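Let's talk this one through together.

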Amino acid sequence: MNKPFGDNKLAPPAPPAAQPSNGAPCVLGPTLHFKGELYGEEDLEFQGQIEGSIEHTRSLSIGKEGGVTGNIRAKFVIVEGRVDGDIFATESVAIRQSAKVKGNIYAPRVGIADGAQFSGSIDMSQKGAAMRTATPSGTLSDPAAERLLTKTA
């Protein structure tokens, strides 16, 4: 009796290792619930829930289902979901129509869409953003604060 795959009881070969994508962001889905500090060096779309800080060297998007309770630091920040905390960006922050943000924004460029909910202040001065980035917040651990200080020095 011929079976399509023979009598081989070995597992199928493993898929090739994930390669860094060119332009496609890493996506963390809506079922992810995370507590602590999240650090990354690739474009990220976050759809889950995090209680803690996010430090990112590239583009960070908080999707419509995403929620952050803590401070965010990244090059570019796009918010479509909920953020309760301060947002620090070295390039820009975009608050979309579906967003709910409670906290201050420190970035040289800020856009807030009609219909977005925002409660806080905005500092678009280079000096203010640089000083805030160098000052560790209460939610960062000592090693995270040291990383921040060495990056800005």
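Reader: Which residues have the most contacts inside the largest nonpolar core?

Author: A nonpolar core here is a set of buried Ala, Val, Leu, Ile, Met, Phe, Trp, Tyr and Cys residues joined through side-chain atoms within 4.5 Å. Buried means under 20% relative accessible area, with a 1.4 Å probe and protein chains only. The largest such core has 22 residues, and those with the most contacts inside it are Ile62, Ile72, Val79, Ile87 and Ile95.

Reader: Which strands each supply at least two residues of this core?

Author: Strands are DSSP runs of E, at least two residues long, numbered from the N terminus. On that count, those supplying at least two core residues each are β4 (44–46), β7, β9 (72–79) and β11 (87–95).

Reader: Before going on, what are the ground rules for the model?

Author: It's a predicted model, where local features need pLDDT of at least 70 and side-chain atom pairs count only at pLDDT 80 or more, while totals for chains, interfaces and linings use all residues. Residues are numbered from 1 along each chain as its sequence is written, and side-chain values use heavy atoms, leaving out hydrogens and water.

Reader: What is Ile87 in contact with?

Author: Contact means heavy atoms within 4.5 Å. Leaving aside neighbours within four places in sequence, the partners of Ile87 are Ile72, Val77, Val79, Val93, Ile95, Val101, Asn104, Ile105 and Tyr106.

Reader: Is Gly63 buried or exposed?

Author: Gly63 sits in the loop between β7 (59–62) and β8 (67–69). Not counting residues up to four places away in sequence, Gly63 touches Phe46, Gln47, Glu80 and Gly81. Its relative accessible area is 0%, so Gly63 is buried.

Reader: What is the strand order in the open sheet of 6 strands?

Author: Two strands pair if DSSP finds at least two bridges between them. The pairing in this sheet is parallel, and the order is β2-β5-β8-β10-β12-β15.

Reader: Why is one side of β2 and of β15 left without a neighbour in the sheet?

Author: β2 (33–35) and β15 (117–119) stand at the edges, so each has a single partner strand. For β2, pairing with strand β5 (residues 49–51) runs in the parallel sense over 3 bridges. There, His33 stands opposite a residue in β5, namely Gln49.

Reader: How many helices and strands are in the protein chain?

Author: Helices are DSSP runs of H or I, at least four residues long. Buried residues make up 35% of the chain's 153 residues. The tally for the chain is 2 helices and 16 strands.

Key
Buried means under 20% relative accessible area, exposed over 50%, partly exposed in between (1.4 Å probe, protein chains only).
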